[in-house]
Amino acid sequence: MFWKKYRYEVYGVLFTAATGTLLHFVYEWAGSAVIVGLFAPVNESVWEHIKLLFFPGLLFSVWDYFHASRRPASFLPSRTAGLTAGMAAIPLLFYAYTALLGTNHLALDIMVFLLGILLAFLISTLLEKKISTTATTLSGTKTRVLPFLSAVLLIIYLLLFFLFTFRPPQLPLFRDPVSGHFGIS
């Protein structure tokens, strides 16, 4: 019963983890092609590594929506909230553990990435269930606002990733700890 009910969430976690891991290397494999840099990390900054969750998670969400017969009134807001939580967890967990240990470790970086993915899909699953039961009691107008706002937020995320690839703020989140550069160098 569990597998049947939650198989798409498990698929999402596995797809996002595998695709995000591969995406880490794609920019270098593509010879630093600018178009690839829009979707893949262009340096080792924490911000660029959030792309590893966002783009595979977004791609899977599009597939999931059409293949799992999802209801837009509950699916899009819950998945947007899940992706937001997962993306926020990555820098929070990374900076928390590096503050405690004084340095970063590859194994812990990978664990932070995986925890971000798990959090994204867990929150999405829990909220979709909650919003779905709430949406049935609301009028049609109210149930269209959340999906619209969620789509707008996803578009804003997309535009910010594109913009900050080329013109990142001069903040530690955007700084490549290896080279000291920001964005595409």
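Student: Let's start with F164: is it buried or exposed?

Tutor: F164 is buried, at a relative accessible area of 16%. Here buried means under 20% relative accessible area, exposed means over 50%, and partly exposed is in between, with a 1.4 Å probe and protein chains only. Before we go on, this is a predicted model, where local features need pLDDT of at least 70, side-chain atom pairs count only at pLDDT 80 or more, and totals for chains, interfaces and linings use all residues. Residues are numbered from 1 along each chain as its sequence is written, and side-chain values use heavy atoms, with hydrogens and water left out.

Student: Thanks! What is the arrangement of the rings of F164 and F174?

Tutor: The pair is edge-to-face, because the planes are at 75 degrees, with the ring centres 5.2 Å apart. For the cut-offs, rings of Phe, Tyr and Trp (its six-membered ring) pair if their centres lie within 6.5 Å; planes under 30 degrees apart count as stacked, over 60 as edge-to-face and the rest as tilted. F164 is in helix 6 and F174 in the segment after helix 6, 10 residues apart. F174 is buried too, with a relative accessible area of 6%.

Student: How many aromatic pairs are there in the whole structure?

Tutor: A search finds 21 aromatic pairs. One of them is F39 with F162, an edge-to-face pair with 5.4 Å centre to centre and 85 degrees between the planes. F39 lies in the loop between helix 2 (34–37) and helix 3, and F162 in helix 6, so this pair ties together parts that are 123 residues apart in sequence. Helices here are DSSP runs (H or I, at least four residues), numbered from the N terminus.

Student: And how exposed is F39?

Tutor: F39 is partly exposed, at 35% relative accessible area, and F162 counts as partly exposed at 22%. Ring pairs also link F39 and F162 into a cluster with W47, F54, F55, Y157, F161, F164 and F174.

Student: Switching topic: where is K51, and is it buried or exposed?

Tutor: K51 is in helix 3 and counts as buried, with 0% relative accessibility.

Student: What does K51 touch?

Tutor: Beyond residues up to four places away in sequence, K51 touches L23, G37, L38, F39, A40, P41, P56, F161 and T165. Contact means heavy atoms within 4.5 Å. K51 and L23 are 28 residues apart in sequence, with 8.6 Å between their C-alpha atoms.

Student: What about T165, buried or exposed?

Tutor: T165 counts as buried at 0% relative accessibility, and its place is in helix 6 (residues 140–166). Leaving aside neighbours within four places in sequence, T165 contacts G37, L38, V42, E48, K51, G183 and I184.

Student: Now the core. Which residues of the largest nonpolar core touch the most other members?

Tutor: They are L53, F54, M87, I117 and F161, out of 30 residues in that core. Helix 3 gives the largest share, 8 residues. A nonpolar core is a set of buried Ala, Val, Leu, Ile, Met, Phe, Trp, Tyr and Cys residues joined through side-chain atoms within 4.5 Å.

Student: And what is I117 in contact with?

Tutor: Apart from neighbours within four places in sequence, I117 contacts V13, T16, A17 and L53.

Conventions: Helices (H or I, at least four residues) and strands (E, at least two) are DSSP runs, numbered from the N terminus.
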